[in-house]
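I opened this model today to look up a few local features and one interface. My notes follow in the order I made them.

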Amino acid sequence: TTLFRSDLSTEEETELELIRLHKQELMADIEKLKAEISQVFADIESFTHAEESKTVERNKQMAMGKKKFNMDPKKGIEYLIENKLLCRNEEDIAKFLYKGEGLNKTAIGDYLGERDPMNIRILQSFVELQEFSDLNLVQALRQFLWSFRLPGEAQKIDRMMEAFATRYCQCNQNVFQSTDTCYVLSFAIIMLNTSLHNPNVKEKP
């Protein structure tokens with residue numbers, strides 16, 4: 001057997017061995033890092049899938065809540081609150097009604113017109129979302145009444161017109177001397193409009 005003598009000195013052989021060991025450690029660290037990265041990507045994919053499932057479920061609950069609202073506004077709002085799709089405060093509910101996507105305008109009007117203290121605060125918040133600056137009274141009324149259908153009960157109409165008049169005067173401070181004047185005129189316009197378009201009213205003004 002022929003023996004090959006190394007041309008390296010003892011110190012150089014030691015240095016080479018250290019380099020080999022360091023390389024092995026680096027390779028082990030790289031493999032460990034690869035495994036960790038793979039786990040991170042797996043976790044991200046799992047999280048994304050879970051979030052997508054939550055979004056689908058949330059959309060289903062929202063659609064159900066809107067359907068319930070259109071059938072019975074109070075039950076619909078309660079369902080959305082219970083499923084954490086709405087907060088139990090007037091601002092959040094008012095924004096939901098103001099946005100109005102998929103909501104029946106008659107149901108919105110009935111809910112806003114209720115005399116319950118919470119509903120009255122929701123009506124006030126709803127009206128405050130409206131911007132009437134630089135609009136004449138008829139234009140402002142048209143914008144206001146586009147967002148819901150006015151209920152048939154006189155008391156509900158009264159509360160809504162009072163809230164409207166207050167907001168209109170806030171946005172246009174130099175138009176009327178008092179909110180009462182704005183309220184009376186707004187109510188008169190509504191009644192006149194109802195008479196003109198109601199087929200049951202035989203004598204038109």
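I started in a loop. Lys84 sits in the loop between helix 2 and helix 3. I am working from a predicted model, so I kept to local features with pLDDT of at least 70. I looked up the backbone angle next. Phi of Lys84 is near 60°, a positive value, and the residue is not a glycine. Most residues other than glycine have a negative phi, so I wrote this one down. Is Lys84 buried or exposed? Its relative accessibility is 70%, and the cut-off for exposed is over 50%, so Lys84 counts as exposed.

Asp134 has a phi of about 65° although it is not a glycine. I found Asp134 in the loop between helix 5 and helix 6. Asp134 counts as exposed because its relative accessible area is 76%.

Helix 5 was my next stop. It covers residues 117–128, which makes 12 residues. I checked its length. At 1.5 Å a residue the helix should span 16 Å, and the end C-alpha atoms are 17 Å apart, which agrees. I looked at the N-terminal end as well. Asp116 caps helix 5 there, with a side-chain oxygen 2.9 Å from the backbone nitrogen of Met118.

Which residues of helix 5 are buried? I listed Met118, Asn119, Ile122, Leu123, Ser125, Phe126 and Val127. In an α-helix, residues three or four places apart point the same way, because there are 3.6 residues a turn. I asked what the buried residues pack against. Their partners are helix 3 (90–99), helix 4 (105–112), helix 6 (137–146) and helix 7 (154–171).

Last came the domains. The domain assignment gives domain 1 as 37–86 and domain 2 as 90–197. The C-alpha centres of the two domains lie 31 Å apart.

How much area is buried between domain 1 and domain 2? I read about 990 Å², with 77% of it from carbon and sulfur atoms. On the domain 1 side, Lys66, Phe69 and Leu86 lose the most area to domain 2, together 48% of what that side buries.

I also looked up the polar side of this interface. Three residue pairs are in polar contact between the domains.

Technical notes:
Residues numbered from 1 in each chain as written. Predicted model: local features only at pLDDT ≥ 70, side-chain atom pairs only at ≥ 80, totals over all residues. Heavy atoms only, no water. Helix = DSSP H or I, 4+ residues; strand = E, 2+ residues; numbered from the N terminus. Expected span 1.5 Å × (residues − 1). Buried < 20%, exposed > 50% of the residue type's maximum accessible area, 1.4 Å probe, protein only. Contact = heavy atoms within 4.5 Å. Polar contact = N/O pair within 3.5 Å; in protein donor to acceptor, adjacent residues only side chain to side chain. Domains from an automatic or database assignment. Buried area = accessible area lost by both parts, 1.4 Å probe.
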